[in-house]
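Keep the 3D view open and click along as you read.

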Amino acid sequence: YMEWASHYEPDKAAYDCRILEEEMKKGTVAAYKIEHEDEFAGSVTLGNRQHDEAELSIWLTEDAMGKHIASRSAREVVKRGFSNWNLAAVILHIQAGNVDSQNFAMRIGGHKILTATPSSGDYEIWEITNQEFSSAE
């Protein structure tokens with residue numbers, strides 16, 4: 001479970017929040033808090049917006065996992081991105097072999113388009129197109 005989170009310092013989190021707020025003001029990022037049963041459950045972000053594409057990022061608390069909260073939240077944010085930003089596609093970067101994330105991507109209408117092997121390790125690029133998403137709605 002998200003190894004990086006155990007080393008995420010409060011000062012770094014505060015800095016990241018300030019950067020995120022600046023990007024939201026510019027309209028290049030849309031970030032949302034996820035709540036479940038009146039409790040914080042994670043966040044979902046549509047960012048790295050370039051031309052007619054944006055990247056979807058999501059994370060949940062351990063307690064929120066396995067309840068399809070991520071799928072419901074992501075579908076709503078993707079829908080808003082297609083509608084409000086007139087996107088052609090939403091992209092997800094998934095660590096190769098991460099079956100849970102691959103299944104998540106498929107549940108929200110994604111399909112794998114590429115496997116890459118940079119120095120940081122293998123990852124897959126998944127895509128949800130506006131046309132496919134709209135026809136599945």
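## Starting at V90

Let's begin with V90. Skip the neighbours within four places in sequence, and V90 is in contact with L46, A54, L56, V78, F82, W126, E127 and I128. Keep in mind that you're looking at a predicted model.

Several of those names come back when we look at the nonpolar core. The largest one has 26 residues, and L46, L56, V90, L92 and I128 are those with the most contacts inside it. Which elements give two or more residues to this core? They are strand 1 (30–36), strand 2 (39–50), strand 3 (53–60), helix 2 (69–85), strand 4 (89–95), helix 3 and strand 6. Helix 2 gives the largest share, with seven residues.

Now look at A89, which sits in strand 4. Is A89 buried or exposed? With a relative accessible area of 3%, A89 is buried, because anything under 20% counts that way.

Leaving out neighbours within four places in sequence, A89 is in contact with D52, E53, A54, F82, E127, I128 and T129. Take A54 from that list: A89 and A54 are 35 residues apart along the chain, yet their C-alpha atoms are separated by 6.9 Å.

Time to zoom out. Six strands make up an open sheet, and if you read across it the order is 1-2-3-4-6-5, with mixed pairing. Strand 1 and strand 5 are at the edges with a single partner strand each, so one side of each has no neighbour in the sheet. On average, neighbouring strands here are turned by 25 degrees against each other, direction ignored.

What holds strands together in general? Strands of a sheet pair through backbone hydrogen bonds, and the pairing can be parallel or antiparallel. In this model, strand 3 and strand 4 run parallel and are joined by three bridges.

Helix 2 lies across strand 1, strand 2, strand 3, strand 4 and strand 6. Its direction is at about 155 degrees to strand 3. Helix 3 lies across strand 3, strand 4 and strand 6, and runs at about 165 degrees to strand 4.

Q102 is buried, at a relative accessible area of 14%. Beyond its neighbours within four places in sequence, Q102 is in contact with I94, G97, E124 and W126.

## Aromatic pairs

A pair of aromatic rings is described by how far apart the centres are and by the angle of the planes. The structure holds two such pairs. In one of them, F82 and F133 are tilted, with 5.5 Å from centre to centre and 55 degrees between the planes. F82 belongs to helix 2 and F133 to helix 4 (residues 130–136), so this pair ties together parts that are 51 residues apart in sequence. Both F82 and F133 are buried.

## Salt bridges

How many salt bridges does a search of the whole structure find? The count is four. Let's visit some of them.

E124, one of the contacts of Q102, meets K112 through side chains in a salt bridge (3.7 Å, N to O). E124 is in strand 6 (residues 123–129) and K112 is in strand 5 (residues 111–116), so the pair ties together parts that are 12 residues apart in sequence. E124 is buried, with a relative accessible area of 6%, whereas K112 is partly exposed at 44%.

Next come E23 and K26, whose side chains meet in a salt bridge of 3.1 Å, N to O. Why are E23 and K26 separated by about one helical turn? Because they are three residues apart in helix 1 (residues 10–26). E23 is partly exposed, with a relative accessible area of 23%, while K26 counts as exposed at 58%.

Finally, K33 forms a salt bridge with E35, and the closest N and O atoms are 3.1 Å apart. K33 is exposed, with a relative accessible area of 56%, and E35 counts as partly exposed at 49%.

Definitions and conventions:
Residues numbered from 1 in each chain as written. Predicted model: local features only at pLDDT ≥ 70, side-chain atom pairs only at ≥ 80, totals over all residues. Heavy atoms only, no water. Buried < 20%, exposed > 50% of the residue type's maximum accessible area, 1.4 Å probe, protein only. Contact = heavy atoms within 4.5 Å. Helix = DSSP H or I, 4+ residues; strand = E, 2+ residues; numbered from the N terminus. Core = buried A, V, L, I, M, F, W, Y, C linked by side-chain atoms within 4.5 Å. Phe/Tyr/Trp six-rings, centres within 6.5 Å; stacked < 30°, edge-to-face > 60°. Pairing = 2+ DSSP bridges. Axes fitted to C-alpha atoms, helices over the stretch in contact; angles between N-to-C directions.
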